[in-house]
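Trainee: Could you take me through one part of this model in detail? I would like a close look at the place where the two chains meet.

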Amino acid sequence: MTDTAPGTSGQCFQPRVVAFLCNWCSYTASDMAGTARIKYSPCVRIIRVMCSGRVDPSFVLKAFALGADGVLIAGCHPGDCHYIEQNYKTIRRHSMLQHFLEPMGIEDRRLCLVWASAAEGQHLAESIDLFVEELRRLGPLNWSGNWEENGARLEALQAIVDEHSEAMEIPR
Amino acid sequence: MSEAAKGKLALYWAASCGGCEIAVLAINEKILDVAAAFDIVLWPVAIDAKVRDVERMADGEIDVCLFNGGIRTSEQEYMAQLMRRKSKVLVAFGSCASEGCIPGLANLSHRRQVFETVYRDLPTTDNAEHVEPQHVTHVPEGELHLPVFYDTLRTLNQTVPVDYYLPGCPPEAERIWEAVTAIVQGTLPPPGSVIGAETTVCHECPRTRNEKKIKKFYRTWQIIPDEETCLLEQGLVCCGIATRAGCGALCPQVNSPCIGCYGANEGVHDGGARLMTALASVIDATDPEEIQGIVREGIPDPVGSLYRFGLAGSELRRSRRKTNGAAAKAV
């Protein structure tokens, strides 16, 4: 995710999107979009998973922590899951994640759930573009910036070291 | 064991409640065995050793340091760095040092909010002049310094490299004794390990488990659960399913759901995420709106329920700050 620095050079903010696509429907849909030369936003980084039900909430949180501005999960339509009912679990995890993201200060719109069958390359491409547009409106997330302390931290640490060595009468 | 062959042991506390210190004493008379095997060189709660004495030691002179508490102030960060430098083995002792614990829930706010709550807004606070701790205070004799209070509580391993983790809020006496024994006998697991069980609380829980399918989450005051069946099956958010074993399933045995104080089980970095997965699996609904209703109504405080002990050590570590770092300098 550090290949380029989107959002810093151009006039238009290019969000970083991590997309988890299910092997059986949505990944095939993206493949189809490619074969059919359907254009969609290059902001998206696609990760193929065997099922949308394979997407552990920690994958999503890790993506945000590592600098993603949005995360998209795409799978087979409800009822069409290759593994019978795992995409229903995806719905529940998605709901649980959104509920958790809100109090953490991450807009729930930054997590997008899309159903795209293997024939819906056009639909997937449009969904990705819509999601990227939404993220442009929301702006950058820059999660690790939340962990930084203000500049007084290193000075305060040095002050403790100085005071202690003074008290110990050790020449500096 | 002769005096010369005695190892050196240090215990230190940072942002914690002091419960871990009590937990060490809960090994009862075995503390004498600890004293027989180790010279205790620093333990602020129990002995009168000085930080200065530790500073004068050679690097790595202390054999083992049991460090409890999260890192909230510059002084605690300094002590974490000092204890790391002077100790051969640094153990993150207890939930605070390992994953942030309850003090880590303050990561939902920042320093300004913490100060305003504690020194101004609490009903029991009598502070008409709004006196607050200042980093620098000028007095006729010169400047006085207090440690800087950070916006974000960090775990020990987010501050310095940690060799071992001993989970629990607080760790159970038996687990502490097992860890001490392993240290004395040299049978520690590979560095970086959690010293403890690899299974979940469910493994130790005597309740009967069937298929879990629930239509509604209940809060503990809403129902009196039956004493035989799995609490999660009865709709209580029991964290045991995603929590490391080691406590002997104390809470479920007294009809109270596990709150997750032993942290994520083996191989899991983000315990709350694992709990989300687990809870999502047991909800008996397929309609998105119905699911949303069950989740939102049943878990009104998702961070407090899912990350009660692990927020600071989780993937996200804290809630979003408007200031996002540098701009917070004025705070």
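Mentor: Start with the area. Chain A and chain B bury about 4,500 Å² between them, and 61% of it is on carbon and sulfur atoms. Keep in mind that this is a predicted model. In terms of residues, 47 from chain A are in contact with 52 from chain B.

Now the polar side. Between chain A and chain B there are 17 residue pairs in polar contact. The rule also finds 4 salt bridges across this interface. One of them joins Arg153(A) to Glu77(B), with the closest N and O atoms 2.5 Å apart.

Next, look at what chain A brings to the side that touches chain B. Three helices each supply at least two residues: α2 (57-65), α3 (86-104) and α5 (152-167). Of the elements in chain A, α3(A) gives the most, with 15 residues. By type, the residues on this side of chain A divide into 24 nonpolar, 12 charged and 11 polar.

The whole structure holds 5 aromatic pairs over all chains. In one of these, the ring centres of Phe20(A) and Phe59(A) are 6.0 Å apart and the planes are at 35°, so the pair is tilted. Phe20(A) lies in strand β1 (residues 17-22) and Phe59(A) in helix α2, so the pair ties together parts of chain A that are 39 residues apart in sequence. Phe20(A) counts as buried at 5% relative accessibility. Phe59(A), at 27%, counts as partly exposed.

Terms used
Residues are numbered from 1 along each chain as its sequence is written. Chains are lettered from A and ligands numbered from 1 in the order in which they are written. This is a predicted model: local features need pLDDT of at least 70, side-chain atom pairs count only at pLDDT 80 or more; totals for chains, interfaces and linings use all residues. Side-chain values use heavy atoms; hydrogens and water are left out. Contact means heavy atoms within 4.5 Å. Buried area is the accessible area (1.4 Å probe) that two parts lose on being put together, summed over both. A salt bridge is a side-chain nitrogen of Lys or Arg within 4 Å of a carboxyl oxygen of Asp or Glu. A polar contact is a pair of N or O atoms within 3.5 Å; within protein, one must be able to donate a hydrogen and the other to accept it, and residues adjacent in sequence count only if both atoms are side-chain atoms. Helices (H or I, at least four residues) and strands (E, at least two) are DSSP runs, numbered from the N terminus. Ala, Val, Leu, Ile, Met, Phe, Trp, Tyr, Cys and Pro count as nonpolar, Asp, Glu, Lys and Arg as charged, and the others, Gly among them, as polar. Rings of Phe, Tyr and Trp (its six-membered ring) pair if their centres lie within 6.5 Å; planes under 30 degrees apart count as stacked, over 60 as edge-to-face and the rest as tilted. Buried means under 20% relative accessible area, exposed over 50%, partly exposed in between (1.4 Å probe, protein chains only).
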